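Let's take a walk through a protein together, going from the whole fold down to a single side chain. Have a look at the picture first, and then read on.

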Amino acid sequence: MKHGNLVMRWIAPLFAAVLLSGCGYNTIQQQDEAVNAAWSEVLNQYQRRADLVPNLVNTVKGYAAQEEKVLTEVTEARARVGGIQATPELVNDPAAFEKFTQAQGQLTSALSRLLVVTENYPDLKSNQNFRDLQAQLEGTENRITVARKRYIDSVQAYNTTVRSFPSNLTAKFTGASVKPNFKVENEAQISAPPKVDFGS
């Protein structure tokens, strides 16, 4: 009898492990890690953009100090972005995720207005430092778009697994739930890089 209890102690966890792996447990874990990695890259690119903003603002200020309103808007938008704790946990909190993406959208909009204003300053447009910053900013906007697309794809795969049978049973059992994604109505605004025409 004791031998039978001992065997059951070993068989039960083994059976549970096989059952969980067959019901999508490992897939859920792998896809959760993929979502976290993709989100980390989004944060990395947003941080790269935020780091460029002070240099861009200071360069423009040297040529167009009278554009104080626009410069202030950019600085304040960057401060709002910096005031949000950008952590991997954001992907598990839809309200915090929404607040973060809205702040990033406001910064994108403020930067677009700043770059449009610079059209009125030929000396600024010909400044090498400004042109380098502009190129870096455009490159960063492209990287943000690519990183965000990878995140969207990762979340889609994860959410599909979490909501599909029989892996949804495993998800409920383990507490895995759907993760927030970028909303379609915001995507056009936040994915469009600043448009600047350097033509005469």
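Are helix 3 and helix 4 roughly parallel or roughly antiparallel to each other? Keep that question in mind while we get our bearings. This is a predicted model, in which local features need pLDDT of at least 70 and side-chain atom pairs count only at pLDDT 80 or more, while totals for chains, interfaces and linings use all residues. Residues are numbered from 1 along each chain as its sequence is written, and side-chain values use heavy atoms, with hydrogens and water left out.

The protein has 8 helices and 0 strands. Here helices (H or I, at least four residues) and strands (E, at least two) are DSSP runs, numbered from the N terminus. Of the 200 residues, 38% are buried, where buried means under 20% relative accessible area, with a 1.4 Å probe and protein chains only. A contact means heavy atoms within 4.5 Å. Among contacts in the protein with a separation of 6 or more, 81% join residues 24 or more positions apart.

Now back to our two helices. Two packed helices are described by the angle between their axes and the distance between the axes. The axes of helix 3 and helix 4 come within 9 Å and cross at roughly 160 degrees. Axes are lines fitted to C-alpha atoms, for helices over the stretch in contact, and angles run from 0 to 180 degrees between N-to-C directions. Angles over 145 degrees count as roughly antiparallel, and helix 3 and helix 4 are therefore roughly antiparallel to each other. Residues making this contact include V74 and A77 of helix 3 and L107 and A110 of helix 4.

Let's zoom in on L107, which lies in helix 4. Is L107 buried or exposed? L107 is buried, with a relative accessible area of 0%. L107 and A77 are 30 residues apart in sequence, but their C-alpha atoms are 4.9 Å apart in space. Leaving aside residues up to four places away in sequence, L107 touches R49, V53, V74, A77, R78 and V81.

Finally, find the largest nonpolar core, which has 44 residues. Such a core is a set of buried Ala, Val, Leu, Ile, Met, Phe, Trp, Tyr and Cys residues joined through side-chain atoms within 4.5 Å. W39, L56 and Y151 have the most contacts inside this core, and helix 2 gives the largest share, 12 residues.

Definitions and conventions: Buried < 20%, exposed > 50% of the residue type's maximum accessible area, 1.4 Å probe, protein only. Parallel < 35°, antiparallel > 145°, perpendicular 65-115°, else oblique.
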